[in-house]
Each structure stands twice: as structure tokens, then as C-alpha cells.
Amino acid sequence: MEAANGKVVIFNTTRVQLTLSLNGSHLQSIDPIDKSNNYAPVAGAPVERVNASGGTDPVFYTNNTLTTNYGGVRYNYEVKIDPTEIDTDVWLQLFVFSNSLIVLSNHGKAQSITPSATEFAPEA
């Protein structure tokens, strides 16, 4: 697996703390938006991108499964970031909404993603 200079910054646009899993590995939770920051999306720690098709590490490959837990429902997203379209050295922004994602690059590429599966996931 070849490391790249690019990263993905995940933003929470919701009013609840997001619990995230990337390729089966837990990521740091991201705080919700609130009035104190004028409801601006809240950024999590940048996640590495690598030049490989897939795996189970908490990094962004070409093919990824991102799971969010929002309001007691677990959403599974299939996130494909094609390195032939967006070089692995490019930083990306991934905005999480209550039931969808948007991936943006600074090169004008955008990708809207809906869940591939949902399931009830009661809070502990």
C-alpha cells in the first residue's frame, strides 16, 4: 500500500454527534453543529488517502465503506474515490448529512452518495 499526500477531511453538518466507521475501523467522533459556531460544519481529523483499491485500515482507498450512526439508524455508504479522476495527492472534503454524503475536491469534482443500506441501531 503506497501512502499518498492527500487526505480527506470529514465534516459533520448535523445537530448530533457523529459516530463513524471507515472500512470496519472506528474513526474519531465528530461534534455536532451548534449556534456557538453559527451552525458551520464541524471538521474531524483528516484521514489519510492511499494508492490501493481497498482494505480494512481506517484510510481512504479507491473503494471504501463508510458507516455513520445518526438518530439510532446506521447508514452504510459505498464511497469510491477513483485515483484516475482525483489524484491521491489531492485533499478532499466529505460532508455528512443526516442521510447522504457529498465528496468535494478543490478541482471542481463533486460526488453525492446515498446509503447502500440502513439498519436500526439503538443507542447503548
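At 68% relative accessibility, Asn 38 counts as exposed, where exposed means over 50% relative accessible area, buried under 20% and partly exposed in between, with a 1.4 Å probe and protein chains only. Asn 38 lies in the loop between β3 and β4 (42-43). Its phi is near 55°, a positive value in a residue other than glycine.

The model is predicted: local features need pLDDT of at least 70, side-chain atom pairs count only at pLDDT 80 or more, and totals for chains, interfaces and linings use all residues. Residues are numbered from 1 along each chain as its sequence is written, and side-chain values use heavy atoms, with hydrogens and water left out.

**The loop between β3 and β4**

Tyr 39 is found in the loop between β3 and β4. Although Tyr 39 is not a glycine, it has a positive phi of about 60°. Most residues other than glycine have a negative phi. With 41% relative accessibility, Tyr 39 counts as partly exposed.

Ile 30 also lies in the loop between β3 and β4. Ile 30 is buried, with a relative accessible area of 3%. Leaving out residues up to four places away in sequence, Ile 30 touches Ile 10, Asn 12, Val 16, Gln 17, Leu 18, Leu 20, Val 42, Ala 43 and Gly 44; contact means heavy atoms within 4.5 Å. Ile 30 and Ala 43 are 13 residues apart along the chain, and their C-alpha atoms are separated by 7.0 Å.

**The chain as a whole**

The secondary structure comes to zero helices and eleven strands. Helices (H or I, at least four residues) and strands (E, at least two) are DSSP runs, numbered from the N terminus. Read along the sequence, the pattern is β-β-β-β-β-β-β-β-β-β-β.

With 124 residues, a compact globule would have a radius of gyration near 14 Å, and the chain agrees at 14 Å. The radius of gyration is taken over C-alpha atoms, and the globule rule is 2.2 Å times the number of residues to the power 0.38. Along the principal axes, the C-alpha atoms fill a box of roughly 35 × 30 × 20 Å.

Of the 124 residues, 43% count as buried. Among contacts between residues at least 6 apart in sequence, 56% join residues at least 24 apart. The accessible surface of the chain comes to about 6,700 Å², of which 48% belongs to carbon and sulfur atoms; areas come from the Shrake-Rupley method with a 1.4 Å probe, and for residues only the protein chains shown count as cover.

The mean positions of the 7 positive and 12 negative charges are 7 Å apart. Lys and Arg count as positive and Asp and Glu as negative, while His and the chain ends are not counted. The place of a charge is taken as NZ of Lys, CZ of Arg, CG of Asp or CD of Glu.

**The five-stranded sheet**

An open sheet of five strands has the order β3-β2-β6-β7-β11, with antiparallel pairing. β3 (25-26) and β11 (117-120) stand at the edges, each with a single partner strand, so one side of each is left without a neighbour in the sheet. Two strands pair if DSSP finds at least two bridges between them. Strands of a sheet pair through backbone hydrogen bonds, either parallel or antiparallel.

| Strand pair | Bridges |
|---|---|
| β2 (residues 19-22) and β6 (residues 63-70) | four bridges |
| β2 and β3 | two bridges |
| β7 (residues 73-80) and β11 | four bridges |

β2 and β3 form a hairpin with two residues between them, and Asn 23 in the turn has a positive phi of about 55°. Ser 21, in strand β2, stands opposite His 26 in β3. At 13% relative accessibility, Ser 21 counts as buried. Not counting residues up to four places away in sequence, Ser 21 touches His 26, Leu 27, Thr 65, Leu 66 and Thr 67. The bridge partner of Leu 22 in β6 is Leu 66.

On the β11 side, the bridge partner of Arg 74 is Glu 119. Ala 117 has its place in strand β11 and is partly exposed, with a relative accessible area of 33%. Leaving aside neighbours within four places in sequence, Ala 117 is in contact with Arg 74, Tyr 75 and Asn 76. Ala 117 and Arg 74 are 43 residues apart in sequence and 8.3 Å apart in space, C-alpha to C-alpha.
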